[in-house]
Amino acid sequence: MSSPVKPPFATSRTLRTPDELIAAGMATPAQKADLQAIARQYATAIPPAFAELMHSLNDPIGVQVVPTMQELVVTPEERSDPIGDDALSPVPGIVHRYADRALLKPLLVCPLYCRFCFRREHVGPDGGVLDDEALSRALDWLRTHEQIREVILTGGDPLMLSPRRLGEIVQALSGMAHVTTIRVHTRVPVAAPERVTDALLDALETDKAMWMAVHINHAREMAPPARNSLRRIARRGIPLLGQSVLLRGVNDSEEALEDLFRTMVENRMRPYYLHQLDPAPGTAHFHVPVAQGQRLLAGLRGRVTGLAWPIYVLDIPGGYGKVPLGPEYITGERQVRDPQGGTHNLDRL
């Protein structure tokens, strides 16, 4: 029996430094100075589970995580805080944008650092966690704002916390009578599926409604280890939502989006949001125009089940919140367009 073929970028540890990227074949020695320039601004982390998915540096997996000099090109519309997190943070660790919900960011560390991240100037290995005093202040803010019904654990990635620390936070939120829903936003199940242990899942146990939104941009991210981690989460009764960013060179085709959303549904995950790219510094090379995104979504209408059709949204720069971008099917005062492009008069519109 022949031995399994080793993936071209297999690694036994998370790649973080220029030297590690070069040793793994993801860059050449001639690129070291460029990589060092990028590293002075933005963190890099490519964990083994994600590195193994790469077929080449320019495939839909590689372009998401391998640093390039394009990241140092900043366009006029880009901003360091593209969705207004900083301006809407009443205390460290809290973002309050919508009346009935708030973000709790207990840490700014991720299993991998996506090259298009809207928090790329804040996250990194030095981001650390909220210390006991800062976390206590954040939880006290949530306790005293009884209009908050939903708390969204994000960061960074909350599943990078130890099970003990995560469990303490979940239990603190569970003790707030006005909080009815806890949502966890994470990349761990696909980027570092080995972290989805029984201890971690035990830490998520609560009598509140617990949801998990998993960031996935390409169907190949749901390799067998990721599928197993998602299955373990679903078996705990935690509903799974899929969040994706529309990215040039990753998923900017009907075929790629169809494959992504179908694969999500097959893994008991409901595609929730397809995000228009946030204008973070150095991300213009990932930009897909809104009109193209609308055409892509329209092309999937009627072609995939409604379970596999997410809301295409823009988070308006400056902290003004998310709005749906369509596509639009009402073409006139009493006309509606069907998925095949035909128009129909409906007097009761």
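A disulfide is defined here as a pair of cysteine sulfur atoms within 2.5 Å. By this criterion, the structure holds zero disulfides. The structure is a predicted model, in which local features need pLDDT of at least 70 and side-chain atom pairs count only at pLDDT 80 or more, whereas totals for chains, interfaces and linings use all residues. Residues are numbered from 1 along each chain as its sequence is written, and side-chain values use heavy atoms, with hydrogens and water left out.

C110 takes part in no disulfide, and its nearest cysteine sulfur, that of C117, lies 6.1 Å away. C117 is likewise in no disulfide, the nearest cysteine sulfur being that of C110. Burial was assigned from relative accessible area: buried means under 20%, exposed over 50%, and partly exposed in between, with a 1.4 Å probe and protein chains only. C110 counts as buried at 14% relative accessibility, and C117 counts as buried at 19%.

Aromatic rings were examined next. Rings of Phe, Tyr and Trp (its six-membered ring) are taken to pair if their centres lie within 6.5 Å; planes under 30 degrees apart count as stacked, over 60 as edge-to-face and the rest as tilted. A search of the whole structure finds two such pairs. F116 and F286 form an edge-to-face pair, with 5.6 Å from centre to centre and 75 degrees between the planes. F116 lies in the loop between β2 (101-104) and α5 (132-144), and F286 in the loop between β7 (269-275) and α11 (290-300), so the pair ties together parts that are 170 residues apart in sequence. These elements are DSSP runs numbered from the N terminus, namely helices (H or I, at least four residues) and strands (E, at least two). F116 is buried at 4% relative accessibility, and F286 is buried with a relative accessible area of 3%. The rings of Y272 and Y273 have centres 4.0 Å apart and planes at 20 degrees, so this pair is stacked. Y272 is partly exposed, at 22% relative accessible area, while Y273 counts as buried at 16%.

Charged groups also lie over aromatic rings. A charge sits over a ring if NZ of Lys or CZ of Arg is within 6 Å of the ring centre and within 35 degrees of the ring normal. R120 lies over the face of Y42, at 3.7 Å from the ring centre. R301 lies over the face of W309, at 4.3 Å from the ring centre.

Strands of a sheet pair through backbone hydrogen bonds, either parallel or antiparallel. Two strands are taken to pair if DSSP finds at least two bridges between them. An open sheet of three strands has the order β10-β11-β12, with antiparallel pairing. Its edge strands, β10 (330-332) and β12 (343-345), each pair on one side only. Strand β11 (residues 335-337) pairs with β12 in the antiparallel sense over three bridges. V336 has H344 in β12 as its bridge partner.

R143 is located in helix α5. With a relative accessible area of 37%, R143 is partly exposed. Contact means heavy atoms within 4.5 Å. R143 touches A172, M176 and H178, not counting residues up to four places away in sequence. The C-alpha atoms of R143 and V123, which are 20 residues apart along the chain, are separated by 26 Å.
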